[in-house]
Amino acid sequence: MNYKIAVIDGDGIGPEVCAAAIESLRAVGKKYKHDFLFEHVLMGGRAIDEYGVPLPKETVNVCKKSQSVLLGAVGGPKWDALPGHLRPEAGLLGIRKALGLYANIRPASLLNALKETCPLRTDIRDGGIDIIVVRELTGGIYFGRRNTLQKAINENTYAYDTEKYSVKEIRRIAEKAYAVAEKRKKKIISVDKANVLDSSRLWRKTVHEMNKDFPDIEVTDMLVDNAAMQLVKNPSQFDVILTSNMFGDILSDEAAMITGSIGILASASLGKTGLGLYEPIHGSAPDIAGQNIANPIAAILSAAMMLRMSFDLDREAAALEKAVNCVLEKNMRTADIKEKDSKVLGCKEMGEAIADAVLFA
Ligand code: IPM
Ligand code: MG
């Protein structure tokens with residue numbers, strides 16, 4: 001079979017980790033006889049440099065015509081001084097919106113091979129960490145009205161952003177969370193700030209009303225400040241976390257870090273169709289870009305999510321995940337997750353080791 005994949009390499013370490021993910025996909029293609037066709041398009045800082053905008057129309061068109069999108073990361077200090085709507089991040093928000101990708105799925109689990117890199121106390125870590133954050137991705141404060149009043153800044157200047165959610169938006173993301181929970185421990189913790197925010201009170205009410213249709217799933221509410229604390233105090237209580245765009249952004253970084261490194265966590269952004277966007281949850285890490293020391297595992301595991309969720313290639317996805325595990329079990333590591341006696345590999349070499357494990361292990 002042929003699969004068309006749009007690749008947005010992006011900025012910083014984006015191109016390096018994408019190259020490794022592509023190498024791993026090629027190995028999967030070779031082993032299981034699939035043709036993955038890659039078309040590279042620009043978004044973020046590199047698009048700003050080339051076209052003056054973070055999200056060229058052509059990029060959106062190519063993505064829409066593809067079966068999935070692989071994304072590295074965007075942003076960097078070079079573009080920090082630009083106004084909000086022209087920053088690289090505006091490209092990322094724009095592509096999520098343009099493709100209707102309202103559901104962001106971020107699994108965070110502590111791999112056996114990486115137990116020692118977990119920053120939590122052993123007795124806490126040993127309870128196990130296996131969480132999926134289901135984050136709303138095209139609404140809330142990220143897309144609400146915002147403005148800065150009076151451009152020349154003095155003490156009377158003010159700025160605002162707005163958090164706004166409709167029942168429709170809450171329902172469709174909650175449906176994804178229910179669907180994810182069905183296949184797991186059937187436990188959702190819905191995170192909000194309902195003791196303060198109206199939008200959170202509507203969120204809570206809507207999620208609970210839906211529970212009537214899913215009687216076998218247990219839904220508990222948790223306030224976001226408490227959730228941030230519980231994630232480090234007792235992470236094993238979480239199975240599926242359902243939350244808004246901004247709370248999900250924050251909690252998914254926290255969930256990632258308690259599993260050892262933000263360099264290994266993958267994500268899928270999905271909408272109504274099979275077209276998904278797959279990206280590591282880490283950023284562009286400009287400080288280590290171009291040095292061949294980035295960890296490509298998050299990008300490679302994102303490619304595995306792509307195989308499973310956009311192409312229905314479960315066996316191939318499992319083979320790629322197994323290859324990652326196999327390399328880690330052999331104590332081959334990038335610098336961010338190295339332990340004593342590890343064989344430290346560069347980004348490219350880690351990609352090659354994983355591709356080899358797909359083919360030969
Ligand atoms: C993420 C990132 C983005 C977000 C940024 C780069 C706009 O932090 O995907 O988590 O906040 O969604
Ligand atoms: Mg983030």
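**Cavity and ligand shell**

Me: How many cavities of 30 Å³ or more does a search of the whole structure find?
Reply: A cavity is a set of points on a 1 Å grid over the protein atoms alone where a 1.4 Å probe fits but cannot get out. This is a predicted model, in which local features need pLDDT of at least 70 and side-chain atom pairs pLDDT 80 or more, while totals for chains, interfaces and linings use all residues. Residues are numbered from 1 along each chain, chains are lettered from A and ligands numbered from 1 in written order, and side-chain values use heavy atoms, without hydrogens or water. For cavities of 30 Å³ or more, the search finds 1.

Me: About how much space lies in the largest cavity?
Reply: The volume is the space filled by probe spheres set on the points, joined across faces, edges and corners. For the largest cavity this comes to about 50 Å³.

Me: Which element gives the most to the lining of the largest cavity?
Reply: Lining residues, with an atom within 4 Å of a point, are E163, Y165, V191, D192, L197, S199, S200, W203, S244 and F247. By class they are 5 nonpolar, 3 polar and 2 charged. Both β8 (187-192) and α7 (198-210) supply at least two of the lining residues. With 3 residues, the most is given by α7.

Me: Which helix gives the most to the shell around ligand 1?
Reply: The residues around ligand 1 (a heavy atom within 4 Å) are E89, L92, R96, R106, R135, Y142 and D249. The shell has 2 nonpolar, no polar and 5 charged residues. With 3 residues, the most comes from helix α4 (residues 88-98).

Me: How much of the accessible area of ligand 1 does the protein cover?
Reply: An oxygen atom of ligand 1 is 2.7 Å from a side-chain N or O atom of R96, with 2.8 Å for R106 and 2.9 Å for D249. Of the 320 Å² that ligand 1 has on its own (Shrake-Rupley method, 1.4 Å probe), the protein covers 77%.

Me: Between which domains does ligand 1 lie?
Reply: Domain bounds come from an automatic or database assignment. Both domains give residues to the shell, so ligand 1 lies between domain 1 (1-100 + 272-361) and domain 2 (119-258).

Note on methods. 1 Å grid on protein atoms, 1.4 Å probe; cavity = no way out; pocket = protein on both sides within 12 Å on 5 of 7 lines; lining within 4 Å. Helix = DSSP H or I, 4+ residues; strand = E, 2+ residues; numbered from the N terminus. Nonpolar A, V, L, I, M, F, W, Y, C, P; charged D, E, K, R; others polar. Polar contact = N/O pair within 3.5 Å; in protein donor to acceptor, adjacent residues only side chain to side chain.
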